[in-house]
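Keep the selection tool at hand.

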Protein chains: 2
Amino acid sequence: MTTILISSRQDPIDLWREALAVEMPELEVRAYPDIGDPAEVDYALVYWPPHGLIASLPNVKAVLSIAAGCDHILADPQLPPDLPIVRMVDDYLTAMMAEYAVYGVLHFHRDMHRYRHEQLAQRWSRGWPLYTPDTAVGILGLGAIGSDCARKLGALGFQVHGWSRGPKSIDGVLCHHGADGLLAMAARCRFLVCVLPLTGQTEGIIDAGLLSAMPTGGFIINIARGGHLVDDDLLAALDSGQLGGAFLDVYNEEPLPPGHPYWHHDKVWMTPHVAGELVPRSCAKSVVANIRRIEAGQPVPDRLDKVRGY
Amino acid sequence: MTTILISSRQDPIDLWREALAVEMPELEVRAYPDIGDPAEVDYALVYWPPHGLIASLPNVKAVLSIAAGCDHILADPQLPPDLPIVRMVDDYLTAMMAEYAVYGVLHFHRDMHRYRHEQLAQRWSRGWPLYTPDTAVGILGLGAIGSDCARKLGALGFQVHGWSRGPKSIDGVLCHHGADGLLAMAARCRFLVCVLPLTGQTEGIIDAGLLSAMPTGGFIINIARGGHLVDDDLLAALDSGQLGGAFLDVYNEEPLPPGHPYWHHDKVWMTPHVAGELVPRSCAKSVVANIRRIEAGQPVPDRLDKVRGY
């Protein structure tokens with residue numbers, strides 16, 4: 001018998017039970033706080049687990065994240081240091097993030113922000129977008145999500161650039177890397193879309209230096225983590241005219257506090273951290289595939305690399 | 001010497017001159033009203049030409065439309081009845097229309113209409129979209145534009161249906177046709193996107209009957225012509241809750257008159273007839289290709305069929 005313990009305050013546990021039963025009927029599913037005998041738990045599937053929970057499971061073989069990022073697991077000071085952690089790499093999460101990226105780019109590219117203002121003012125004021133094949137979008141982060149964003153924006157006719165920590169090569173994407181590559185890419189892109197993992201190296205990466213490297217009137221779409229963005233630098237760039245607008249899904253504090261300047265800034269379009277959802281019937285496939293790999297002693301490509309942080 | 005006369009009050013004649021010179025340097029380009037000798041004009045490239053202009057050109061071989069539709073040419077009561085008319089089928093126009101269709105569907109699918117209201121009310125209120133692979137979009141019109149919309153929405157993971165007058169078969173699209181097929185398709189689609197040509201048969205096609213066939217809470221995106229939509233029926237369906245929203249680019253009267261209910265309806269998102277633009281550097285390629293076909297006595301696939309109306 002293989003046993004998994006789910007711990008999350010926001011995920012639909014019943015849907016997880018159903019979806020895991022479809023993919024792996026022989027898996028016993030328990031939900032925190034009904035742990036039963038802690039020694040029987042083989043896997044922990046978690047989002048922001050209580051501190052010490054994982055350390056209380058003597059035979060746990062791996063911690064599986066109910067999120068693309070693993071910051072919510074690493075935040076536990078009692079986390080056993082050598083325990084494998086597995087990231088959530090899910091096709092539907094990836095597709096949702098790419099939907100949002102495509103939407104956010106088209107929103108500004110097709111002047112939809114301006115037309116909404118015109119409608120509310122009852123003004124008929126036509127204008128024409130830049131020619132799409134002349135318009136460059138830069139994707140920050142070229143993992144599964146960034147690659148899918150790049151592919152779908154490329155299929156719409158945009159020039160697509162991408163940036164990653166180390167060198168990569170992706171068909172149809174002008175790839176850049178490293179600190180110099182980041183500024184070189186920004187200088188050519190009307191749009192920057194951030195889908196990076198949040199690590200010590202990427203925190204605050206969207207700052208005054210990056211924003212001022214962009215052509216005047218560009219746009220930011222942040223669907224990664226609020227910590228990637230230096231809020232004061234973004235607001236200054238919007239107010240100076242350096243930036244034409246921002247579409248934001250994530251914030252340094254969530255929910256965004258009342259009175260924060262983003263709420264009523266006329267160049268900011270906001271959503272409440274909804275770019276990607278973990279739908280159990282999709283995610284259960286990769287959870288079970290990873291459990292089967294571990295049980296069979298095979299390598300797990302989605303395992304967190306604690307040194308690089310993703 | 002081959003000579004073309006351009007007549008349009010809204011298109012950028014200088015850009016057309018440049019673009020045609022690139023594609024066909026030997027073409028002489030004249031711009032209305034500087035016709036020169038009318039007997040020397042071989043082709044007329046027009047948008048809403050003055051009535052009688054085309055009849056005044058004794059040797060004109062074809063009228064080329066600066067628009068996907070040809071209603072602006074057929075409106076001339078003095079138009080010589082047997083003169084070939086050539087529709088504008090342009091890859092970039094097609095791509096722009098598909099950009100808008102993708103944007104409009106994602107706008108409602110991802111609750112962006114609701115999140116904009118929430119932002120303005122400073123409310124953090126998360127919700128989750130329907131699962132994209134369970135969500136059906138129906139495209140009204142399966143010509144070059146409809147097919148491209150279908151392909152790009154399919155690539156995002158939506159179920160794609162399409163409707164045309166006669167039967168068609170397109171890979172990845174559930175194709176319907178005829179009056180019965182239209183209602184059968186509507187019954188299955190959360191979204192309907194209209195890209196039909198406006199003809200006697202398609203005028204008023206989006207009416208109370210079609211809207212009531214849709215599942216409750218669906219959405220309309222109209223980027224074809226205002227005449228496809230019965231405004232009072234749309235407003236009634238929005239107000240009753242039968243429809244969740246509409247994204248409109250075209251209207252029965254343009255510019256939309258001040259005070260029209262669309263301007264301030266909280267379920268209507270509007271743009272001022274900007275879904276597709278005819279960019280000369282792209283369109284000149286098909287204009288010149290069609291001139292070369294006619295000069296060589298070859299068939300012209302983009303020729304208007306006056307009986308079917310497109």
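This is a predicted model: local features need pLDDT of at least 70, side-chain atom pairs count only at pLDDT 80 or more; totals for chains, interfaces and linings use all residues.

Residues are numbered from 1 along each chain as its sequence is written, chains are lettered from A and ligands numbered from 1 in the order in which they are written, and side-chain values use heavy atoms, without hydrogens and water.

**Select chain A.** Nine helices and 12 strands make up its list of elements; these are DSSP runs numbered from the N terminus (helices H or I, at least four residues; strands E, at least two). Chain A has a radius of gyration of 21 Å, close to the 19 Å that the globule rule gives for 310 residues, so it is as compact as a globular protein of that length. That radius is taken over C-alpha atoms, and the rule is 2.2 Å times the number of residues to the power 0.38. Of the 310 residues, 57% are buried, meaning under 20% relative accessible area (1.4 Å probe, protein chains only).

**Select the five-strand sheet.** In what order do the strands of this open sheet lie? The order is β2-β1-β3-β4-β5 in chain A, with parallel pairing; two strands pair if DSSP finds at least two bridges between them. The edge strands of chain A are β2 (27-31) and β5 (85-86), each pairing on one side only.

Next, show β1 (residues 2-7) and β3 (residues 43-46) of chain A, which are parallel and joined by four bridges. Here L5(A) is opposite A44(A) of β3(A).

**Select β6, residues 136-140 of chain A.** Five of its five residues are buried. Show the side chains: A136(A), G138(A) and L140(A) point one way, V137(A) and I139(A) the other. In a regular strand the side chains alternate between the two faces of the sheet.

Which strands pair with β6(A)? One is β7 (residues 159-164) of chain A, parallel to β6(A) and joined by five bridges; G138(A) stands opposite H161(A) there. Another is β9 (residues 191-194) of chain A, also parallel, over four bridges, where I139(A) has V193(A) as its bridge partner.

Notes:
Buried means under 20% relative accessible area, exposed over 50%, partly exposed in between (1.4 Å probe, protein chains only).
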